[in-house]
Amino acid sequence: MTQTNNNMTVNPDLAMERAKCNFNVLEVTHIFDGGERNTLQRKKIEDVALNSGASKDALGEEHMSPKEKYENAVRKSCIYATMMKNELAELSGLESFGVSSPVIRRTADAFFKEVSPFLLHLGMFVPTIMGQCTPEQQSYWLPRALDMQIIGTYAQTELGHGTFIRGLETTATYDPETEEFVLHSPTLSSYKWWAGGLGKTVNYCIVVAQLYTKGECHGTHPFIVQIRDEDTHVPLPGIKVGEIGPKMGFNTADNGFLGFDHYRIPREHMLMKNAQVLKDGTYVKVARHGKLTYGTMVFVRVVLVNEVAFNLAKASTIAVRYSAIRRQSKPKPDEVEPQILDYVTQQHKLFIAIATAHALQLCSTWLWESFSAVLAQMKGGNTDTLPEFHALSSCLKAISTSDSAHLIEQCRHACGGHGYMISSGIPNLYNFVSATRTYEGDYTVLLLQTARFLVKAYEQAEAKKPLTPTVSYLAHAFSGSRATWDNSPDGIIRSFQALAAGKTAVCVTNMRKRMRAGLSQVDAWEMSTIQLVAAAEAHCRAVIADTYRKEIVRLTANSSPNVKVVMDQLTTLYLYYWALERTGDLLMFTSVSQKDLVDLQIAYEELLLKIRPNAVGLVDAFDLRDELLHSTLGSYDGRVYERLMEEALKSPMNKEPVSDAYSKYLRPMMKGKL
Ligand SMILES: CCCCC/C=C\C/C=C\C/C=C\C/C=C\C/C=C/C(=O)SCCNC(=O)CCNC(=O)[C@H](O)C(C)(C)COP(=O)(O)OP(=O)(O)OC[C@H]1O[C@@H](n2cnc3c(N)ncnc32)[C@H](O)[C@@H]1OP(=O)(O)O
Ligand SMILES: Cc1cc2nc3c(=O)[nH]c(=O)nc-3n(C[C@H](O)[C@H](O)[C@H](O)COP(=O)(O)OP(=O)(O)OC[C@H]3O[C@@H](n4cnc5c(N)ncnc54)[C@H](O)[C@@H]3O)c2cc1C
């Protein structure tokens, strides 16, 4: 058991599940924490941050008005930020994602059922200062930002444009007379829209605007802009700022709008690491790659893979624990009602969620390491690996967020009616994760970026030129025969690669055909985009499957035999699941037969039964404290019905025996006096 409380009464079904788990849960926790040392350190951080009870609300957040919710989130953000500066600062020296260490992130989730209004400060404002400022600018802004003397956000998207960054309309025009930039919002559609924390919380923001100097437009560039008085917090003259209103989720993030009326900022407030404007207005390009100003987005895309893996781990913990205590129906009249976890369809819904959380967690660590390597090369002036990394981070961001949102919703389905309760914790997880599919680059748009790279790589393979590592499999696309099906894990991964290669080949062939028929290159590309998205998706699935398998083999090399077995079962389940989801594609691009697929389905079903006894152990190994789950259905002790009733009784609707609505409306209507 990874979480113990001597006085805890545990639901007998959950206790039974834990007793029959045949592997060492703690060993698996260590694998996903990156080693025992990290687990111990994480637990220390969680103890410091959570044991005081500061994360708890007197009244459930869901019963508060929007204004109360926001103020409560600011209150807790300030407590949390102070903890980060003091108690947590020394403890968080883990192998980390910079300021957004996943350990700090997961602890913060105990404080916020939705999100902190400081999310963008730590998630994008600080990273932009770190990534886009010159050393001098950094030494001025970073200490103030890290110390929370100023709070910022990242305002790029406008009412009229989010995806197409080159189409942004906000202008920053250099005035050499005063050595200032004049920020202006020329149209309604040029108003900044969406930035988290902008509505009421921040006093600074990164603004992405079209840079004009000496009458010439040099495209979008980032600026650091003060928008509120540092003392009174009143918006400064020339600034129009506010909150954008209720959303599906993110309701404690005070997403905002922002317009400028010829608002002046000093020249030094342009972030000048990648490009500069000299005092006389001369524009100087510093960076060797034109897209380095998109760096913060790339950083957040990498971080998001980890974010969604964590949230999927939460949803699967809730749904598996609930499925262990929930009994329903009587397929065998002489026996007691089974735990719903015994239904094979339920296992089919849930075990893929556990395996996907593992796969994405391991891919996120691998992606982070690749990102660090790319950054190190770029420091030395080499940007050669950036295109491949952009293609990789784009598709992993798209597929991880989309799969996680889908599987979190599947976890909700698996919890029946109770999963629909806010108190189950699942709706908030879904609302948060479904937004990740859109922000920081929409799903389709990012997959099309990967497709651009795939098509170019395919053409290189065709010309027998060398290929970069993640697309090296394309070299086999020209053998002329279909890939040989083989149901071993490596064989299935090779088949996934054959699918990606085959789909890319179909796209290239169709585009060429269309161009021969007279379409322009742009139109031929556009007509092929459904298939290009599918090719990029297939490529990404091959990458995830390959990385997951390789990482598990590596990480369990010295594990105990039963841990090796259960980890192998889950990776195999992941491969079988996706092979069975893509039978049509496999029939098109590999030698798989109908019999092979029927056999694979049976092997998949048998695998579900093998994993079943260890299901609760597997989610316990995520080691998510109750404070992080915020769930009546998923708590460690399994006291589901008691918690549901306790929460219901907290509803303000239950405060009065008779609602005012009775005397105001119901009674008059029922007595015919309305
Ligand atoms: C209290 C404690 C809290 C702790 C918190 C800590 C951490 C939290 C962690 C995470 C959460 C953080 C924040 C979460 C909340 C919400 C934030 C949301 C923020 C946002 O959404 S910000 C706005 C994001 N916007 C986008 O992503 C826009 C998407 N669009 C684009 O990226 C691009 O415009 C485009 C679609 C890729 C196209 O760009 P464009 O300039 O038009 O280029 P093209 O002409 O299409 O391509 C030219 C060429 O360039 C290549 N390219 C494009 N982008 C890149 C890149 N980024 N890097 C490298 N190369 C790039 C492209 O592939 C083309 O190459 P070719 O060779 O094919 O020509
Ligand atoms: C919760 C949340 C928080 C956010 N926070 C921030 C923030 O802090 N700062 C910030 O700057 N922004 C933020 N955003 C904005 C976010 O980055 C954008 O909404 C996102 O990038 C998508 O852009 P869009 O809204 O313009 O969608 P659109 O591009 O208008 O997309 C609409 C549809 O058009 C399709 N489409 C668009 N272009 C193409 C194309 N070229 N080819 C094929 N299909 C296409 C898309 O696939 C989609 O189906 C946030 C958004 C949300 C939802």
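A salt bridge is a side-chain nitrogen of Lys or Arg within 4 Å of a carboxyl oxygen of Asp or Glu. Arg639 and Glu646 form such a pair, and their closest N and O atoms are 3.2 Å apart. The model in which this pair is found is a predicted one, and the count of salt bridges in it comes to 39.

Arg639 also takes part in a second bridge, with the side chain of Asp637, at 3.9 Å from N to O. Asp637 in turn forms a salt bridge with Arg643, where the closest N and O atoms are 2.6 Å apart. Arg639 has a relative accessibility of 26%, which makes it partly exposed. Glu646, at 39%, is also counted as partly exposed.

Salt bridges can also be joined into a network. One such network links Asp33, Arg42, Lys43, Glu46, Arg106 and Asp623.

The next part of the structure to look at is ligand 1. It is surrounded by 33 residues, and the closest are Lys291, Tyr294, Gln449, Arg452 and Lys456. What kinds of residue make up the shell around ligand 1? There are 15 nonpolar, 11 polar and seven charged residues in that shell. Some contacts can be followed atom by atom. An N or O atom in the side chain of Arg166 is 2.9 Å from an oxygen atom of ligand 1. The backbone takes part as well: a polar backbone atom of Glu440 is 3.0 Å from an oxygen atom of the ligand, and a backbone N or O atom of Gly441 lies 2.9 Å from an oxygen atom of ligand 1. Taken alone, ligand 1 exposes 1400 Å², and the protein buries 86% of that area. Several helices give two or more residues each to the shell around ligand 1, namely H6 (102–108), H7 (119–132), H9 (295–325), H11 (386–414) and H13 (443–462).

A nitrogen atom of ligand 2 is 2.9 Å from a polar backbone atom of Tyr154, and a nitrogen atom of the ligand is 2.7 Å from an N or O atom in the side chain of Thr157. An oxygen atom of ligand 2 lies 3.0 Å from a backbone N or O atom of Gln156. Taken alone, ligand 2 exposes 970 Å², of which the protein buries 63%.

Leu666, Met669, Met670 and Leu674 make a nonpolar surface patch of about 460 Å². Where does Met670 sit? Met670 is in helix H23, which covers residues 660–670. Its relative accessible area is 52%. The cut-off for exposed is over 50%, so Met670 counts as exposed.

Conventions: Residues are numbered from 1 along each chain as its sequence is written. Chains are lettered from A and ligands numbered from 1 in the order in which they are written. This is a predicted model: local features need pLDDT of at least 70, side-chain atom pairs count only at pLDDT 80 or more; totals for chains, interfaces and linings use all residues. Side-chain values use heavy atoms; hydrogens and water are left out. Patches are made of residues with over 30% relative accessible area and no salt bridge: like charges are joined within 9 Å, nonpolar side chains (Val, Leu, Ile, Met, Phe, Trp, Tyr) within 5 Å. Accessible areas come from the Shrake-Rupley method with a 1.4 Å probe; for residues, only the protein chains shown count as cover. Helices (H or I, at least four residues) and strands (E, at least two) are DSSP runs, numbered from the N terminus. Buried means under 20% relative accessible area, exposed over 50%, partly exposed in between (1.4 Å probe, protein chains only). A residue is near a molecule or strand if one of its heavy atoms lies within 4 Å of it. A polar contact is a pair of N or O atoms within 3.5 Å; within protein, one must be able to donate a hydrogen and the other to accept it, and residues adjacent in sequence count only if both atoms are side-chain atoms. Ala, Val, Leu, Ile, Met, Phe, Trp, Tyr, Cys and Pro count as nonpolar, Asp, Glu, Lys and Arg as charged, and the others, Gly among them, as polar.
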